[in-house]
Amino acid sequence: MTNNQISPEQSSGILNLAEVHKQTGQHDVAAALLRQSIEEFPCFDAAYHALGLIAFETGNLVQAVELIVQAITIDPANGLYHRNLGELCRRLGRLNEAILAGGRATQLIPHDVDAHFNLGLAFSDNGDWLQAAAAYNRALMLNSEHGLSWNNLGVALERSKQFTQAGEAYAKAAGLNPMHAEAHLNLALLFRREGQLAQAQHHFDIARTIAPDLVEKLGASLNNTLASIDPPDVSMRDTQTVKGRGVFAERDFAAGELVETSAVVLLNTPFADLPVESQTIALNWGA
């Protein structure tokens, strides 16, 4: 055995000890052990990968990417390395790299559910909803009870305007995990879109009960979740009377729904002097 080689027993021992240090919160000790092992065994790819995970867990994603790239340089056929590289790149917003790494991972480890799911996330972040849906479907072919894939498949289908299929996917996610707050929120929004306000209210209440902090973090409330205003719900037009222009409802609103929230920008220019385009959207409050 040369200095550049490490036995499976040595590798396992070092990695296990580093993991013990991590689990006890001693990330610095674990990193020092791994770096020392790399000095002794420069081709110890698993140590680079483990160092990359430590960098990720301590918030240094750029360094994590660099370390895992080093691991891949040594062992380019390791699908796990590519999978984790893809997810790190996605979190850094480097979506082209994320998709390339994720695609390579699914080739190397085609039966890994997480590899397909992570690739779906990268496509979703890139706005490629058809490819995202395909990736989530591949994950579900491997594990039909992967609730996160069902929920994210619903998002991809909804963005592709396949609303019926999206609702079925959200319902599947919520059925697999009744405590999945995001699935219930997504169902609430979808039912709201379809005008099924009772169903929307039901799922919103479930989400708010399960995860009030999440609902608050997402800025979701009864009003902005169940009564988001998009044309043609309301319109502005001239009444052809002395009352001038007004905002008109284009559908029925439920009691308690917020019809519109709007910032006010005050213009000092006389209404008559405004450009015609501005006069169509400005309200003349006179003095």
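Modeller: There are zero disulfides in the structure, which is a predicted model. Of the cysteines, C89 is buried at 2% relative accessible area, whereas C43 is partly exposed, with a relative accessibility of 42%.

The part I would pick is helix α7, which covers residues 113-125. Its 13 residues should span 18 Å at 1.5 Å a residue, and the C-alpha atoms at its ends lie 19 Å apart, which agrees. At the start of the helix, the backbone nitrogen of D114 has a side-chain oxygen of D112 within 2.9 Å. After α7 comes G127, with a positive phi near 75 degrees.

Burial is the main feature of α7. Eleven of its 13 residues are buried, so the helix is largely enclosed by the rest of the structure. Among the buried residues are H116, N118 and S124, as well as V113, L119, L121 and F123. The partners against which the buried residues of α7 pack are α5, α6 (95-108), α8 and α9 (147-159).

On the α8 side there is an aromatic contact to describe. The structure has one aromatic pair. It is formed by F117 and Y136, whose ring centres are 5.8 Å apart and whose planes meet at 50 degrees, so the pair counts as tilted. F117 belongs to α7 and Y136 to α8 (residues 129-142), so the pair ties together parts 19 residues apart in sequence. Both F117 and Y136 are buried.

R90 lies in α5, which runs over residues 79-91. With a relative accessible area of 17%, R90 is buried, because the cut-off is under 20%. Beyond its neighbours within four places in sequence, R90 contacts L121, A122 and D125, and also L95 and A98. L121 and A122 are among the buried residues of α7. The side chain of R90 also has a polar contact, at 2.8 Å, with that of E87.

Apart from residues up to four places away in sequence, L85 touches V65, I68, V69, I72 and A101.

To sum up, α7 is largely enclosed, packs against α5, α6, α8 and α9, and is tied to α8 by the F117 and Y136 pair.

Terms used
Residues are numbered from 1 along each chain as its sequence is written. This is a predicted model: local features need pLDDT of at least 70, side-chain atom pairs count only at pLDDT 80 or more; totals for chains, interfaces and linings use all residues. Side-chain values use heavy atoms; hydrogens and water are left out. Helices (H or I, at least four residues) and strands (E, at least two) are DSSP runs, numbered from the N terminus. Buried means under 20% relative accessible area, exposed over 50%, partly exposed in between (1.4 Å probe, protein chains only). A polar contact is a pair of N or O atoms within 3.5 Å; within protein, one must be able to donate a hydrogen and the other to accept it, and residues adjacent in sequence count only if both atoms are side-chain atoms. Contact means heavy atoms within 4.5 Å. A disulfide is a pair of cysteine sulfur atoms within 2.5 Å. Rings of Phe, Tyr and Trp (its six-membered ring) pair if their centres lie within 6.5 Å; planes under 30 degrees apart count as stacked, over 60 as edge-to-face and the rest as tilted. The expected span of a helix is 1.5 Å times one less than its number of residues.
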